[in-house]
Amino acid sequence: MQLELRHLEAVCRIAEAGSLGRAAGRLGVSQPALSAQLRRIERVAGGELFLRGRHGVEPTPLGEFVLSKARLVLGEMDALAAGARAVAPHTPLRLGCILLVLVDRLIGELEQVMAGLGTGQDVSVNVEHSATTLTRQLGAGRYDAVLYGEVNDHEVALPEGTTARTLVPKEPFCVRLSAAHPLAGKDRIALSELAGESWMTLVEDDDGGPEALVAACAKAGFTPVLRHRVADRQMHYGLIAAGRAVSMSQPTAPPAEGTVLRPLEGDPVIGRIRLAWNRAAVPAPHAELLYRAAARAYLANIDNNAFHRAWWDARPELHPVLEG
């Protein structure tokens with residue numbers, strides 16, 4: 001393994017927080033995941049970077065050396081990003097997203113928005129599989145804005161100098177299963193009826209989704225088998241159509257051959273969608289335009305499923321604000 005910028009940032013955040021638990025919260029990852037990452041970094045560095053005690057962690061002499069170099073490298077990368085924007089002000093506006101349903105329509109909406117500005121500026125969209133990666137790169141200046149999701153009580157930590165706005169405060173996750181599944185004919189499914197199924201999750205899912213699913217299933221009386229981790233949509237749908245797995249899904253997801261989407265009784269897993277941007281790179285009027293473009297892209301998918309259209313229409317207080 002070679003050290004990457006994200007490894008250097010993790011070391012800096014651990015030193016700043018004084019504990020792995022607080023650093024994990026700021027980075028938006030679990031403490032066990034951060035501990036495992038630190039062990040890998042220490043193997044590359046050649047020794048322990050922090051002394052662990054009852055009151056937190058303190059850098060070792062090797063840790064102090066690595067920290068000094070890490071801060072220099074990260075500072076130079078931030079300066080490089082800011083300088084490049086200053087020298088070339090008409091470079092594309094860089095938007096990072098996780099693989100939300102609205103992304104397919106978002107690109108067309110953004111092209112119309114940028115054309116309407118009349119500045120000659122374009123927009124580039126990049127899809128990541130990790131909300132943590134998005135926010136880390138937003139803080140490092142490699143994205144100007146990011147669009148991401150959070151599930152249940154999970155909150156993605158945002159870097160300094162950014163502003164966030166909630167696009168959709170609440171959407172109930174549903175379940176996608178094979179059209180031949182015995183439960184496919186039901187209008188609504190109780191989570192307890194899915195005990196014993198093999199579940200599909202994304203390759204990197206750090207928006208709180210896996211934890212929310214496990215907690216909801218525990219409340220329903222079983223432990224889910226998180227067997228498959230497939231990011232490719234077509235392969236994902238194919239495994240479900242073949243009856244080899246079921247998965248949680250946004251309620252705006254489109255139909256897929258051989259599968260059906262069904263709402264869950266009691267809405268045990270709730271998602272929300274947020275937009276965050278770097279205030280130094282995205283003026284407030286442009287942030288408003290990004291918000292409106294994302295809102296229109298979301299609304300364009302509401303009719304993909306009749307059950308979600310009915311749920312959505314009954315809750316106007318959740319609708320994005322597009323007036324004015």
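## The aromatic pair

In this predicted model, the count of aromatic pairs comes to one, where rings of Phe, Tyr and Trp (its six-membered ring) pair if their centres lie within 6.5 Å. The partners are Tyr-298 and Trp-312: their ring centres sit 5.6 Å apart with the planes at 50 degrees, so this pair goes down as tilted (under 30 degrees counts as stacked, over 60 as edge-to-face, the rest as tilted).

Tyr-298 belongs to helix H9 (residues 284–299) and Trp-312 to helix H10 (residues 306–313), so the pair ties together parts 14 residues apart in sequence. Both Tyr-298 and Trp-312 are buried, meaning under 20% relative accessible area with a 1.4 Å probe, protein chains only.

## Fold and dimensions

Zooming out, the chain has ten helices and twelve strands (DSSP runs of H or I with at least four residues, and of E with at least two). For 324 residues, a compact globule would have a radius of gyration near 20 Å, and the chain's 21 Å agrees (C-alpha atoms; the rule is 2.2 Å times the number of residues to the power 0.38). The C-alpha trace spans about 65 × 55 × 35 Å along its principal axes.

## Burial and contacts

Buried residues make up 48% of the 324. Of the contacts (heavy atoms within 4.5 Å) with a separation of 6 or more, 74% link residues 24 or more positions apart.

## Ground rules

Residues are numbered from 1 along each chain as its sequence is written, and side-chain values use heavy atoms, leaving out hydrogens and water. As the model is predicted, local features need pLDDT of at least 70 and side-chain atom pairs 80 or more, while totals for chains, interfaces and linings use all residues.

Definitions and conventions:
Buried < 20%, exposed > 50% of the residue type's maximum accessible area, 1.4 Å probe, protein only.
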